[in-house]
Amino acid sequence: MSSHVLTWGILAVSSGSVVLGLVVGYQAYRGFRRNSSRSMQLLSIGLVLLTAIPFTLTFVVTLLIRFDPSLAVFRQSAFLLAQLLQFVGLAFITYSLYRR
(Lines give C-alpha, C1' and ligand atoms only; values in the text may rest on other atoms or scores of the structure.)
Protein backbone atom coordinates (compact mmCIF):
# COMPACT_ATOMS: atom_id res chain seq x y z
CA MET A 1 0.00 0.00 0.00
CA SER A 2 1.42 3.40 -0.90
CA SER A 3 2.12 5.95 1.80
CA HIS A 4 -0.37 8.41 0.27
CA VAL A 5 -3.21 5.91 0.53
CA LEU A 6 -2.22 5.14 4.11
CA THR A 7 -2.03 8.85 4.98
CA TRP A 8 -5.48 9.50 3.50
CA GLY A 9 -6.84 6.46 5.33
CA ILE A 10 -5.50 7.72 8.66
CA LEU A 11 -6.94 11.18 7.96
CA ALA A 12 -10.34 9.72 7.04
CA VAL A 13 -10.58 7.52 10.15
CA SER A 14 -9.37 10.33 12.43
CA SER A 15 -11.82 12.80 10.91
CA GLY A 16 -14.62 10.26 11.24
CA SER A 17 -13.77 9.82 14.91
CA VAL A 18 -13.94 13.58 15.44
CA VAL A 19 -17.31 13.80 13.68
CA LEU A 20 -18.75 10.91 15.69
CA GLY A 21 -17.40 12.38 18.91
CA LEU A 22 -19.02 15.71 18.09
CA VAL A 23 -22.33 14.02 17.25
CA VAL A 24 -22.37 12.13 20.56
CA GLY A 25 -21.25 15.27 22.42
CA TYR A 26 -24.01 17.27 20.75
CA GLN A 27 -26.61 14.67 21.68
CA ALA A 28 -25.42 14.83 25.29
CA TYR A 29 -25.67 18.62 25.12
CA ARG A 30 -29.24 18.33 23.83
CA GLY A 31 -29.98 16.03 26.76
CA PHE A 32 -28.55 18.64 29.10
CA ARG A 33 -30.70 21.39 27.55
CA ARG A 34 -33.84 19.26 27.61
CA ASN A 35 -33.49 18.00 31.19
CA SER A 36 -31.19 20.61 32.75
CA SER A 37 -28.96 17.69 33.72
CA ARG A 38 -25.52 18.77 34.92
CA SER A 39 -24.22 15.22 34.30
CA MET A 40 -25.17 15.45 30.63
CA GLN A 41 -23.45 18.82 30.37
CA LEU A 42 -20.25 17.39 31.84
CA LEU A 43 -20.50 14.36 29.55
CA SER A 44 -20.88 16.63 26.53
CA ILE A 45 -17.87 18.75 27.47
CA GLY A 46 -15.82 15.64 28.18
CA LEU A 47 -16.59 14.07 24.82
CA VAL A 48 -15.61 17.19 22.91
CA LEU A 49 -12.39 17.50 24.94
CA LEU A 50 -11.63 13.83 24.38
CA THR A 51 -12.27 13.68 20.64
CA ALA A 52 -12.54 16.90 18.67
CA ILE A 53 -10.20 19.42 20.22
CA PRO A 54 -7.04 17.27 20.58
CA PHE A 55 -7.24 15.93 17.02
CA THR A 56 -7.86 19.38 15.59
CA LEU A 57 -4.97 20.81 17.59
CA THR A 58 -2.48 18.16 16.50
CA PHE A 59 -3.70 18.32 12.89
CA VAL A 60 -3.25 22.09 12.72
CA VAL A 61 0.17 21.94 14.39
CA THR A 62 1.29 19.22 11.98
CA LEU A 63 0.17 21.32 9.00
CA LEU A 64 1.92 24.39 10.35
CA ILE A 65 5.15 22.43 10.83
CA ARG A 66 4.94 21.11 7.26
CA PHE A 67 4.67 24.66 5.93
CA ASP A 68 7.23 26.14 8.32
CA PRO A 69 9.70 23.57 9.72
CA SER A 70 11.04 26.14 12.20
CA LEU A 71 7.80 25.62 14.16
CA ALA A 72 8.84 22.04 14.93
CA VAL A 73 10.02 23.20 18.35
CA PHE A 74 6.33 23.42 19.34
CA ARG A 75 5.52 19.83 18.35
CA GLN A 76 6.08 18.24 21.76
CA SER A 77 4.25 21.04 23.56
CA ALA A 78 1.26 20.68 21.24
CA PHE A 79 1.13 16.92 21.68
CA LEU A 80 1.42 17.31 25.46
CA LEU A 81 -1.46 19.79 25.38
CA ALA A 82 -3.51 17.34 23.28
CA GLN A 83 -2.85 14.55 25.78
CA LEU A 84 -3.76 16.87 28.65
CA LEU A 85 -7.04 17.79 26.94
CA GLN A 86 -7.85 14.10 26.47
CA PHE A 87 -7.11 13.43 30.12
CA VAL A 88 -9.33 16.32 31.22
CA GLY A 89 -12.05 15.05 28.87
CA LEU A 90 -11.89 11.61 30.45
CA ALA A 91 -12.01 13.22 33.90
CA PHE A 92 -15.17 15.12 32.91
CA ILE A 93 -16.78 11.94 31.58
CA THR A 94 -15.85 9.96 34.68
CA TYR A 95 -17.17 12.70 36.97
CA SER A 96 -20.42 12.89 34.97
CA LEU A 97 -20.96 9.15 35.41
CA TYR A 98 -20.46 9.20 39.19
CA ARG A 99 -22.16 12.52 39.92
CA ARG A 100 -25.51 12.25 41.70
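**Packing of helices H2 and H3**

Helix H2 (residues 38-67) packs against H3 at an angle of about 170 degrees, their axes lying 7 Å apart; axes are lines fitted to C-alpha atoms, for helices over the stretch in contact, and angles run from 0 to 180 degrees between N-to-C directions. The two helices are therefore roughly antiparallel to each other (over 145 degrees). The contact of H2 with H3 involves 21 nonpolar, 7 polar and 1 charged residues. This is a predicted model, in which local features need pLDDT of at least 70, side-chain atom pairs count only at pLDDT 80 or more, and totals for chains, interfaces and linings use all residues. Residues are numbered from 1 along each chain as its sequence is written, and side-chain values use heavy atoms, with hydrogens and water left out.

**Helix H2**
- At 1.5 Å a residue, the 30 residues of H2 should span 44 Å, and the 42 Å between its end C-alpha atoms agrees with this (expected span: 1.5 Å times one less than the number of residues).
- H2 bends by about 35 degrees at Leu49 (the angle between axes fitted to the seven residues ending there and the seven starting there).

**Ser96 in helix H3**
- Ser96 lies in helix H3 (residues 75-98) and is buried, with a relative accessible area of 7%.
- Apart from neighbours within four places in sequence, Ser96 is in contact with Ser39, Leu42 and Leu43 (heavy atoms within 4.5 Å).

Note on methods:
Helix = DSSP H or I, 4+ residues; strand = E, 2+ residues; numbered from the N terminus. Buried < 20%, exposed > 50% of the residue type's maximum accessible area, 1.4 Å probe, protein only. Parallel < 35°, antiparallel > 145°, perpendicular 65-115°, else oblique. Nonpolar A, V, L, I, M, F, W, Y, C, P; charged D, E, K, R; others polar.
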